Each structure stands twice: as structure tokens, then as C-alpha cells.
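Visitor: I'm new to this one. Could you show it to me and walk me through it?

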Amino acid sequence: MVLAGPVEPRENRKAAGGHRKAGTAGKADGGGRRAIALRLALMAVPLAFFAVFFAYPVAAIVTRGLRVGGQWRFGRIGEVVTDPATLDVLWFTCWQAVASTALTLAVALPGAYVFARFDFPGKGLLRAVVTVPFVLPTVVAGSAFLALLGRGGVLDELWGMRFDTSVWAILLAHVFFNYAVVVRTVGGLWAQLDPRQEEAARVLGASRLSAWRRVTLPALAPAVAAAALMVFLFTFTSFGVIQILGGPRYATLEVAIYRETAQLLDLPTAAVLTLIQFAAVAAVLALHAWTVRRRESALRLVDPGRTARRPKGPAQWALLWGVLAVVALLIVTPLAVLVERSLNGPDGYGFTYYEALRSAADSGGTFFVAPLEAVGNSLWYAAVATVFALVVGGLAAAALTRRPGRLVRGFDALLMLPLGTSAVTVGFGFLIALDEPPLDLRASWVLVPLAQALVGVPFVVRTMLPVLRAVDHRLREAAAVLGASPWRVWREVDLPLVGRAVAVAAGFAFAVSLGEFGATVFIARPDHPTLPVAIARFLGRAGQLTYGQAMALSTILMLVCAGSLLALERIRTDRSGEF
Amino acid sequence: MNSQLRRVISAAVLGSLALSALVGCGEDTKSGSDSKTVTLVTHDSFAASKAVLKEFTKETGYKVRVQAGGDAGAAVNQAILSKGHPQGDVFFGVDNTLLSRTLDNDLFSPYTAKGLDKVPAALQLDRAEHRVTPVDFGDICVNYDRKYFADKKLTPPRTLDDLTKPAYKNLLVTENAATSSPGLGFLLATAAKYGDDGWQGYWKKLRANGVEVVDGWEQAYYDRFSGSAGGGKGDRPLVVSYASSPPAEVADAKTKPGQAPTGVATGTCFRQVEFAGLLNGAGNTKGGKALLDFLLSKRFQEDVPLNMYVNPVREDAKLPELFSRYGVRIADSATLAPQKIAKNREPWVKTWSSLVL
């Protein structure tokens with residue numbers, strides 16, 4: 001980390017890329033070795049975490065499928081891969097993910113701009129609200145979406161438009177779920193870009209478009225690519241949305257893997273499908289790494305509070321209102337449907353279902369869990385998972401800050417893999433791999449936050465990395481030259497600049513953990529269910545009251561999520577003086 | 001510089017220690033192996049009154065710890081995967097459609113629970129070896145929306161044949177047999193009625209009559225069915241659900257209506273029997289046997305209907321008023337031998353998918 005002596009800035013950039021001037025070679029070598037050792041030390045925790053809680057369980061379940069009676073059955077791979085049904089599923093999985101990602105970017109990028117650059121009343125609240133879909137169980141959100149897009153839905157009544165069981169319903173629902181990913185990842189960086197650079201380009205005669213294209217877009221590219229990658233991985237492994245809105249005719253690899261593992265117990269087929277999923281995800285990660293490699297550069301980062309202002313002129317107002325209209329229609333309306341259903345009781349509007357939640361818990365079946373208890377469980381698991389994700393992801397991001405070599409790029413990709421892995425593979429993998437001392441965790445509560453952290457870590461890495469890499473390295477060098485230790489450099493240079501990214505990352509990790517269902521359902525103890533698990537229990541039964549209670553719990557989940565995110569934003573605002 | 005490096009490394013080590021300490025904490029809270037606890041491995045719709053479980057603890061000294069893992073199919077598969085190294089002592093929740101899979105995998109140790117003599121022989125599907133004990137049964141049946149048929153002055157369908165009549169065109173919604181257990185049950189009902197080579201023809205007719213297929217029970221019942229009070233505004237008055245859904249519809253009503261808003265087409269049913277068994281390799285065999293006895297005890301059996309909306313297997317267990325008043329006893333529910341289901345399940349579901357989807 002420590003570079004000796006004052007060097008020309010340009011050569012410094014090069015030094016970061018691996019070339020060093022002969023004159024400083026001796027010292028730099030010592031520093032280089034130390035830097036490598038430091039990087040390895042930083043990587044140790046994330047590597048151990050992923051080896052034990054991801055690679056090992058997933059390898060165990062895949063091996064169980066492909067190794068029968070002590071012999072490898074690789075023949076199965078050929079059979080499954082050449083099955084036309086598999087190819088259909090693979091094709092649908094890929095194209096809907098690409099289409100969903102493109103649509104999400106198209107819809108959400110203007111939103112990212114508006115949230116980053118404009119000041120308007122209720123902005124903080126709205127930013128929390130657009131993140132709410134992200135945590136909702138897909139069963140619940142899917143049902144709300146049907147109320148918007150389906151037969152007799154809002155669009156049907158207004159314009160006679162129906163999208164249920166069409167691919168459009170799936171794509172729009174993916175936008176609904178992932179809007180926040182783009183707004184938060186891209187907007188987080190956008191808010192910190194110095195607008196004076198674009199203004200300078202304008203002054204020098206560039207048109208508004210070409211100033212944006214040549215100055216802002218290249219600076220944003222890494223964040224856009226990171227957001228696109230995450231949206232792609234999320235939609236690539238889409239499960240509930242496909243089942244509810246696509247009907248039984250559409251299946252993604254994730255759905256197929258769930259069927260083979262949890263229902264048919266055809267582990268060989270499931271193992272091959274998992275490998276196919278890995279291969280596809282690896283290809284996407286490679287593509288991502290290749291596009292971003294030369295794009296990330298040091299940027300001038302400024303306090304986001306200074307870049308946002310009230311919109312000026314009709315064009316900006318139109319943009320603001322356009323974004324607000326999209327948010328209202330696509331995100332707020334389905335959420336409002338849920339709230340409405342939770343209040344619309346048998347005797348008109350009221351809090352019947354909420355009261356029922358409270359009294360049912362006293363009446364004493366093991367089926368019922370007091371809502372406050374479920375909220376408590378969810379918050380506790382999510383808090384622990386966020387700590388895990390921040391520690392693991394933060395260390396990983398710190399290790400990855402410098403231009404990476406091939407090994408480190410592989411490490412970067414490894415961290416993203418859990419997003420592209422089926423929850424059922426992880427859940428079942430935990431079960432068969434973590435079953436012997438010292439790792440017999442099958443009955444332990446800590447499995448839940450561990451599984452949730454696996455999904456949180458990629459978010460932490462992807463939100464922090466573009467910002468960390470954008471920090472001008474000369475700042476670190478200057479601090480080092482002035483005698484600061486690497487720890488102190490990190491604390492006083494990196495941390496203040498990435499403070500916002502840490503808050504965004506923590507918010508994501510927290511929201512992801514709150515909403516995680518796929519793996520949690522296999523490992524959560526029934527006497528300590530999380531909110532999504534409790535909601536699914538209620539939904540699995542007939543009866544107006546149980547349905548209403550599911551809606552009431554969903555509303556509580558939404559409030560918990562929005563509340564926690566607002567609280568996190570508050571922490572960030574309090575510390576913005578450090579910028 | 002070395003001291004700083006050391007500091008970073010020690011911070012990393014401290015971090016991982018903190019992680020493992022947390023993990024360790026988790027282990028402390030687990031109490032699976034001590035002999036005063038008996039662990040019941042089950043699916044996530046298992047439910048019992050806390051008072052009843054407390055009674056078991058009072059009588060036997062054992063505390064019940066419940067370990068659930070996903071829906072019935074996932075829970076069974078997890079139990080099979082952890083065979084010989086089970087997560088608990090007793091497994092509850094394998095039904096007749098999955099029974100063969102657990103027996104073929106040698107999951108259970110034989111045990112004849114007390115009170116089995118009170119269970120009808122037809123429900124004892126492993127009568128020769130007693131590896132599993134029947135605990136409850138239910139029927140998967142077509143439900144209808146009473147109001148719809150009264151308004152249209154139309155007689156609701158009663159049998160499978162009725163469903164293919166033009167009068168009921170575009171009225172039925174069912175679930176995907178590949179992903180949903182009522183969906184599979186309905187397919188099996190038709191296979192039992194029309195035979196191995198006849199059910200395909202029936203489904204062709206059903207398809208021509210406009211049957212709609214959705215992926216899960218929740219969507220079918222709450223989003224598409226018009227008779228459910230909860231959920232969206234569905235427009236299909238016929239749905240594949242359970243014989244116990246009508247009692248469930250009125251369970252929470254403050255003023256009890258004369259009849260449930262939904263009814264059951266009694267000639268369309270498939271019987272589902274749920275079993276429990278002592279897991280091979282259980283840590284607490286004695287406690288497990290006591291728990292199996294308890295599951296068949298009158299006290300537990302009478303607690304079953306209102307907790308899980310299924311029927312007790314004991315003939316002398318009294319049904320709660322909700323069931324005797326709003327439920328129906330299905331006399332001629334279809335059944336198939338578990339071995340036959342195990343053998344045909346996959347090819348049938350494949351054929352069904354190609355016919356209907």
C-alpha cells in the first residue's frame with residue numbers, strides 16, 4: 001500500500017497498473033510484497049467465509065448428484081445438456097434476463113438521475129419506498145402485481161389492458177423488483193460526481209448530449225455495469241415472479257432446479273442444471289469484467305448534498321414528473337393494493353386483521369407467531385446478516401480496490417456467484433454439508449443470517465468497489481508520504497469518501513436479508529420464523545382472516561423495511577460533514 | 001511498516017474470531033442431543049396447540065422441538081438426504097404420494113404406536129411392517145362458489161364427468177401437477193377413476209372445456225377463484241382445493257352463517273394420508289416412540305382439525321363443531337397404491353404437462 005517518494009501523478013497511475021520505474025524498484029518491491037501480503041490478509045476472511053459457507057455446501061450437493069456409488073456419472077451431463085427441454089429453459093432464462101435488465105435500466109436510469117441531482121420534498125422517503133419491493137416475498141408482490149396488470153386489474157378497468165400470463169407481466173415485475181438496484185447503485189455514484197466537469201465541457205462548446213456522453217457517461221459506466229450485472233443475476237435466477245405471473249408455461253433454470261431438488265429428488269439432473277447455471281453466470285461475469293476493466297478511473301468525488309438542486313426549466317420539471325409518474329404507477333400502486341387489502345376487512349375498512357394477528361398469537365397454536373416476535377426475528381437476523389456482509393464484503397472490496405491481477409479478478413467473480421446460484425441448492429447444500437462437528441449448524445439459528453449474508457456480500461462489494469476505485473490514488477499516496485499508516489490512510493481517506501457507499505451497501509444487505517425467503521424457508525426454525533416465512537404460512541391456508549393477516553404482515557414488513565432504510569439514510573446524513 | 005501489517009492481520013483474525021464466536025453462540029442454543037428433548041422434523045404447515053404439546057411434556061418429561069424445512073416435498077427430500085444422520089428423532093408429514101420414496105430409502109425404523117387399533121385398516125398403508133404410522137388424512141376436491149351457481153340457477157358439478165360438460169365451460173381453475181400438491185392430487189384422482197390409459201382422454205376433454213392451470217394453490221384459490229373471501233377478484237367459480245376449505249372459510253367469521261360460502265364436489269376427490277415415523281439413527285429413540293404414541297393419542301388427534309385443517313385418523317376422535325357443521329365426509333375418495341404413484345408420478349406428470357400446458 002505504501003509507495004515511496006513523490007512521483008509524477010501520471011506514472012503513479014501506471015504504477016497502480018503494475019509497472020514501476022526502475023529508480024524506485026528496490027523500495028517498491030518491498031512495498032509490493034507487503035502490499036500483496038496485505039491484500040492476502042484482507043482476502044483471508046472473505047475467502048474462508050465463501051469456502052465454508054458457499055463453495056463447500058454447493059460442491060457437496062453437486063457431488064452427491066454426480067457421484068453415485070463412488071463413481072462419477074459425467075454421462076448424465078451430456079444427457080441433460082442435449083435434452084431439448086433443458087435448452088428451452090436455458091434459452092428462456094437467458095433472454096428474459098437480458099430483456100428484463102435492459103428494460104429495468106431504461107426505466108430506472110432517469111430515476112437514478114432524478115434522485116441524484118434533484119432536490120424535491122419527500123425524496124428520502126421516496127427513495128426508501130422504491131426499495132420496498134425488493135424485500136417483499138414474491139408471492140405477495142406477485143399477487144399485488146396481478147391486481148394491477150391482471151383481469152379486473154387497474155389497467156384493465158382503465159384501458160382494458162391485461163398482461164397476466166404474458167411475458168410482459170414478468171418483465172414489468174422484474175422492473176418493479178429491481179428499480180431500486182439501479183437507482184441506488186448508479187445514483188449513489190452519480191450524486192457524488194462533480195457537475196462542474198460537465199459544465200466545463202459545455203462552456204468549452206460541447207452540446208448537452210455530447211457533454212453527457214463524453215464526461216458523465218464514462219464516469220458512470222462502472223456503476224451502470226455493476227447495476228446491470230446485479231439486475232441480470234437477480235432476474236436470471238428469478239423464481240416466484242415466473243411462477244406467479246408466467247403461469248406454468250414458463251420456467252427458468254431456477255424453477256427447474258427447485259423442481260428437481262425439492263420435489264422430484266432427481267439430484268443428478270439438478271446437479272447438471274446447477275453447473276449450467278454456473279457456466280452461464282461465469283460467462284456473464286467474464287463479460288462484465290471485460291467491459292469494466294478499462295473503464296474504472298479516478299474521479300472527482302464531491303459531497304452529494306452539493307450536487308443536488310431544485311429542477312430548473314420545463315425540461316427538468318418534465319423529467320422529474322415523468323419519473324414520479326413511473327414510480328407511482330409501477331411501484332406505489334401495487335404496494336398500495338397490499339395496504340388496501342390489509343385494511344379491507346369483513347366489516348369494511350379497519351384494523352381487524354392486525355388485531356387478529358395479535359390475538360391469534362395469544363390463543364396458542366404453534367402455527368401462529370406474534371407479529372412483533374416475527375418482526376424481532378427478522379430485524380435480528382437481518383442485523384446480524386448485515387454485519388457479516390459488511391465485514392466480509394468490506395474486506396473483500398478493500399482487497400480489490402487496486403487494479404487487480406487475474407487471481408484477484410477470479411476472487412471478485414467468486415463473490416458474485418451466490419447471486420447466480422439457486423437458493424434451493426444453497427439451502428440443501430447447507431443441510432448435507434454442515435452436518436458434522438465442528439460445523440454441525442443444522443439446528444443453529446446462525447445459519448439463517450449466514451445464508452442471507454451470502455446474498456448481501458455481492459451488494460456490498462458492488463456498491464463499494466466503484467467508489468473505492470474512483471478515489472484518487474494520489475490522496476492515499478499523499479497521506480502515506482505524510483507518514484500515515486495504511487490503516488490510517490484507509491480511515492481518513494477512503495472511509496470518509498466511501499461512507500455513503502457503505503451506508504448504501506448496508507441498506508442493501510439489510511433489505512436483502514429482510515426479504516430473503518428461498519434459502520431461509522429451509523433453515524429457519526419454525527418457532528422463530530422471519531416475516532416472509534410467517535407470511536407464506538398464512539398464505540398457505542384458506543380463509544378470509546388468514547389471507548388478511550398475510551396482507552397485514554406484508555404491510556408490516558414494508559413498514560419495517562422503509563423505516564430501517566430511512567434510519568440508515570439518517571445516519572448517513574449526520575455524517576455527511578466528513579466529506 | 002511491519003507493525004501496521006501485523007495490526008491489519010490481527011484485525012482480520014479478530015474479525016474471523018468474532019464470526020466464529022457468533023457461530024459458536026448459535027451452537028450453544030441448540031439442544032438436539034440431550035435426552036429430555038425430542039425433535040420432530042416436519043414441513044412448515046405442521047401446527048399444534050401449545051397447550052397440547054405442554055401436556056405431552058407433563059406426561060412424559062420430554063420437550064418437543066419442531067424442526068421444519070419447506071413444503072412437504074422439500075421436507076421429505078431433506079430427510080432422505082440426511083439419512084442415517086437425521087436432523088431429529090421423528091419425521092411427520094410424508095403423504096401417500098411420497099410414501100414409497102421414504103420406504104425405498106429405508107428412512108424409518110418399525111414401531112407400532114399405541115392406539116393403532118383405533119385407526120381404520122384402509123389408512124394403514126404399511127400394515128405389514130409399521131415403519132410409518134398414519135396421523136391424519138384429508139381430501140383434495142373441486143370446490144365451488146355457492147353464490148355463483150345460485151345466481152346462475154345452475155346445479156354445481158358433482159363428479160369428474162360433470163366437469164367436462166358444456167354447462168361448466170371455462171369455470172374450473174386447477175394447479176400445476178408438477179409443482180403443487182393439490183394439482184398432483186387432482187391428476188391422481190383422474191388416473192384412479194379412468195385408469196392408466198384413460199385419464200389422458202379425460203384431460204383432453206377437460207382442456208377443450210377450458211380448464212385453466214396456474215402454478216400454485218395460492219394463485220388458484222386467492223387470485224382466480226371467485227368463492228374465496230380473501231384475495232383478488234377471481235372469476236372462476238370452480239377450483240381444485242381441499243374438502244376442508246369450506247370450514248376454513250367460515251372459521252374466523254364472527255357470526256356463523258348457515259352454510260359455508262363454498263361447497264365441495266364430492267365425486268372429484270383424492271385422499272391424502274399423512275404419516276409419521278421414527279427416523280433411523282435417531283438420537284432419542286425412546287422419546288421418539290413416546291412422541292409417536294402421542295401423535296396417535298386422542299388428545300392430539302382431536303387437536304389436529306383446527307390446527308392443520310385435516311381429519312384425525314382415529315375413529316373415536318371427536319370432530320370439532322366447525323367440521324361437523326360445515327365440512328363433508330367424503331365416502332368414496334379416490335386412492336392409488338403408493339408404489340403405483342411412485343412408479344408413474346414422473347411419466348404421468350410429463351404426459352399431463354404436454355397435454356394441458
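Guide: Ala423(A) counts as buried because 23 C-beta neighbours sit inside 10 Å; buried takes 20 or more other C-beta atoms within 10 Å, with C-beta atoms placed from the backbone. This is a predicted model, where local features need pLDDT of at least 70, side-chain atom pairs count only at pLDDT 80 or more, and totals for chains, interfaces and linings use all residues. Residues are numbered from 1 along each chain as its sequence is written, while chains are lettered from A and ligands numbered from 1 in the order in which they are written.

Visitor: Which helix does Ala423(A) lie in?

Guide: Helices here are DSSP runs of H or I with at least four residues, and strands are E runs of at least two, numbered from the N terminus. On chain A, the run covering residues 423-433 holds Ala423(A), and that is helix H19.

Visitor: Leaving aside neighbours within four places in sequence, what is Ala423(A) in contact with?

Guide: Contact means C-beta atoms, placed from the backbone, within 7 Å. Thr520(A) is 97 residues away in sequence, yet 8.6 Å away in space, C-alpha to C-alpha. The contacts of Ala423(A) beyond four places are Gly518(A) and Ala519(A).

Visitor: How many residues does the contact take from chain B?

Guide: Chain A puts in 60 residues, and helix H2 (residues 25-66) of chain A gives the largest share of that side, eight residues. From chain B, the contact takes 68 residues.

Visitor: And how many strands does chain B have?

Guide: Buried residues make up 55% of its 357 residues. Its secondary structure comes to 13 helices, and the strands number ten.

Methods. Contact = placed C-beta atoms within 7 Å. Buried ≥ 20, exposed ≤ 12 C-beta atoms within 10 Å, placed from the backbone.
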